[in-house]
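Subject: Structure handover and notes

Dear colleague,

Here is the structure I promised to pass on, with my notes below it.

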Amino acid sequence: MSEIWELLDMNRQKTGILHERGVTVPDGLYHLVVEIWVQKPNGDLLLTQRHPDKPLGLKWECSRGSAVAGEDGVVAAYRELFEEAGIFAEIDVIQFKGHTIHSNYITETYLYESLMNDISLNLQAEEVVDAKWVHPSEIEQNLDELIPELWDRYCKFIKVG
């Protein structure tokens, strides 16, 4: 069974229109994509490496994916983080940081600030082939390894200074 999304309007409001993944999204409507950055107290960020069979295979990213029908952004971010990395983040501490509008989707950016530096991971083999904790300065030196626009959104919504 394919994934079903509920489309949004340009104000990020649900329209009640259900849409099957893989079918072109009608003009003026959007599907919701979420991304969630995980940051340890020491400042390190979690990056996961995309499965080689996915678009942009082997590029690095934070946990991200599409919201399915019935989910809002924070619930989708919570689910994606648990599915892809095996991290259970209390939903009430996941912080919405901002959104960007693209041609047929809206990206909502979230942050989970862990209270612990020791975080175990359980990677979803179909989606993620590797993971690493890196300092933001290390990411800035290797931007060509990231999926496009990811670091721009981090800098716009999360990075301080």
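Arg12 sits in the loop between strand S1 (4-8) and strand S2 (14-20), where helices (H or I, at least four residues) and strands (E, at least two) are DSSP runs, numbered from the N terminus. Its phi is near 65°, a positive value in a residue other than glycine, and with a relative accessible area of 27% Arg12 is partly exposed; here buried means under 20% relative accessible area, exposed over 50%, and partly exposed in between (1.4 Å probe, protein chains only). Most residues other than glycine have a negative phi. Glu149 also has a positive phi, of about 70°, although it is not a glycine; Glu149 is placed in the loop between helix H2 (136-140) and H3 and is partly exposed at 44%.

Before going further, please keep in mind that this is a predicted model, in which local features need pLDDT of at least 70 and side-chain atom pairs count only at pLDDT 80 or more, while totals for chains, interfaces and linings use all residues. Residues are numbered from 1 along each chain as its sequence is written, and side-chain values use heavy atoms, with hydrogens and water left out.

As for the overall fold, the protein has three helices and nine strands, and from the N terminus on its elements run β-β-β-β-β-β-α-β-β-β-α-α. The radius of gyration, taken over C-alpha atoms, is 15 Å, which agrees with the value near 15 Å that a compact globule of 161 residues would have (the globule rule is 2.2 Å times the number of residues to the power 0.38). The C-alpha trace spans about 40 × 35 × 30 Å along its principal axes, and buried residues make up 47% of the 161 residues. Of the contacts (heavy atoms within 4.5 Å) with a separation of 6 or more, 61% are accounted for by residues 24 or more positions apart.

Turning to the rings, the structure holds five aromatic pairs. Rings of Phe, Tyr and Trp (its six-membered ring) pair if their centres lie within 6.5 Å, and planes under 30 degrees apart count as stacked, over 60 as edge-to-face and the rest as tilted. One of these pairs, Trp37 with Trp151, is edge-to-face, with 6.1 Å centre to centre and 70° between the planes. Trp37 lies in strand S3 (residues 31-39) and Trp151 in helix H3 (residues 150-157), so this pair ties together parts that are 114 residues apart in sequence. Both Trp37 and Trp151 are buried. Phe96 and Tyr110 form another edge-to-face pair, at 5.5 Å centre to centre and 65° between the planes; since Phe96 lies in strand S7 (residues 95-101) and Tyr110 in strand S8 (residues 105-113), the pair ties together parts that are 14 residues apart in sequence. Phe96 is partly exposed at 39% relative accessibility, whereas Tyr110 is buried at 4%. Ring pairs also link Trp37, Trp151 and Tyr154 into a cluster.

Lys40 lies over the face of Trp133 at 4.4 Å from the ring centre, and Lys132 lies over the face of Trp60 at 4.3 Å.

Glu108, which is placed in strand S8, is buried with a relative accessible area of 6%. Not counting residues up to four places away in sequence, Glu108 touches a set of residues that includes Arg12, Glu35, Phe96 and His99.

Which cysteine has the sulfur closest to that of Cys62, and how far away is it? The closest is in Cys155, at 12 Å, which is too far for a bond; with a disulfide taken as a pair of cysteine sulfur atoms within 2.5 Å, the count comes to zero. Cys62 is buried, with a relative accessible area of 1%, while Cys155 counts as partly exposed at 29%.

Finally, Pro52 is found in the loop between strand S4 (45-50) and strand S5 (60-61) and is partly exposed at 45% relative accessibility. Leaving aside neighbours within four places in sequence, Pro52 is in contact with Gly57, Leu58 and Val129.

How values were computed: A charge sits over a ring if NZ of Lys or CZ of Arg is within 6 Å of the ring centre and within 35 degrees of the ring normal.
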